[in-house]
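The sequence and structure are shown first.

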Amino acid sequence: MVQKILFLLLSILLLFIGRKVDATVSADSLMELMTKNTESATPESQNSKELILSVNGVLLPVTWEDNDSIAALYALAEEGIITVHTENYGRFEQVGTLPQSIVNNDVEITTTPGDIVLYSGNALVLFYGSNTWTYTKLGHIDGFSADAYETLLSGSKTTVTLSLSEE
């Protein structure tokens with residue numbers, strides 16, 4: 001009974017932030033999604049502010065790569081919050097256009113659920129499935145199960161924000 005109540009409450013919360021919940025999603029997946037640590041990592045080459053990722057208002061823990069593309073995103077985020085409206089593509093990823101192109105170093109990689117990549121220098125891609133293509137890896141959303149990634153990212157559209165933490 002308690003699980004059913006928790007499932008209902010978490011479903012309502014996710015609907016409130018713009019995420020439809022499939023009835024087959026388990027209460028455990030929803031609990032995992034809503035209770036994750038929301039700290040982000042910052043590339044060591046940057047200052048004390050952290051690059052923070054949120055999807056539909058949910059802050060997510062990310063391990064960022066230490067590369068020129070992340071440095072460029074960090075610089076963009078210093079100018080203000082980066083908002084990217086994404087759409088589901090291929091039933092394995094969310095893709096959205098960045099406000100401007102940034103440096104990329106695309107190589108062929110096979111993504112895994114939770115990977116965050118740059119495509120063609122101007123598209124931010126978040127994976128809840130896997131794909132092999134040429135991308136620049138930006139980071140990885142940490143610590144979720146495959147079900148939780150799918151719960152978070154499999155909707156038709158999401159709003160992704162990148163911002164810097166307060167010092």
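## Aromatic pairs and nonpolar cores

Phe127 has a relative accessibility of 0% and therefore counts as buried. The model is a predicted one. Phe92, at 17% relative accessibility, is likewise classed as buried, because the cut-off for that class is under 20%.

Four aromatic pairs are counted in total. In one of them, Phe92 and Phe127 are stacked, with 6.2 Å from centre to centre and 10 degrees between the planes. This pair joins distant parts of the chain: Phe92 sits in the loop between strand 4 (82-89) and strand 5 (93-97), while Phe127 belongs to strand 8 (residues 123-127), 35 residues apart. Phe144 and Tyr149 form a further pair, which is edge-to-face. Phe144 is buried, with 10% relative accessible area, and Tyr149 is buried, with 4%.

| Pair | Centre distance | Plane angle | Geometry |
|---|---|---|---|
| Phe92 and Phe127 | 6.2 Å | 10 degrees | stacked |
| Phe144 and Tyr149 | 5.7 Å | 70 degrees | edge-to-face |

Phe92 and Phe127 also belong to one aromatic cluster together with Tyr119 and Tyr135.

The largest nonpolar core comprises 31 residues, and those with the most contacts inside it are Leu53, Trp64, Ile116, Leu124, Leu126 and Ile141. Helix 3 (residues 68-79) contributes the most to this core, with five residues. Apart from this core lies another, of five residues, including Phe92, Val117, Val125 and Tyr135.

Neighbours within four places in sequence aside, the contacts of Leu126 include Leu53, Ile116 and Ile141, as well as Phe92, Glu93 and Asp115.

Technical notes: Residues numbered from 1 in each chain as written. Predicted model: local features only at pLDDT ≥ 70, side-chain atom pairs only at ≥ 80, totals over all residues. Heavy atoms only, no water. Core = buried A, V, L, I, M, F, W, Y, C linked by side-chain atoms within 4.5 Å. Buried < 20%, exposed > 50% of the residue type's maximum accessible area, 1.4 Å probe, protein only. Helix = DSSP H or I, 4+ residues; strand = E, 2+ residues; numbered from the N terminus. Contact = heavy atoms within 4.5 Å. Phe/Tyr/Trp six-rings, centres within 6.5 Å; stacked < 30°, edge-to-face > 60°.
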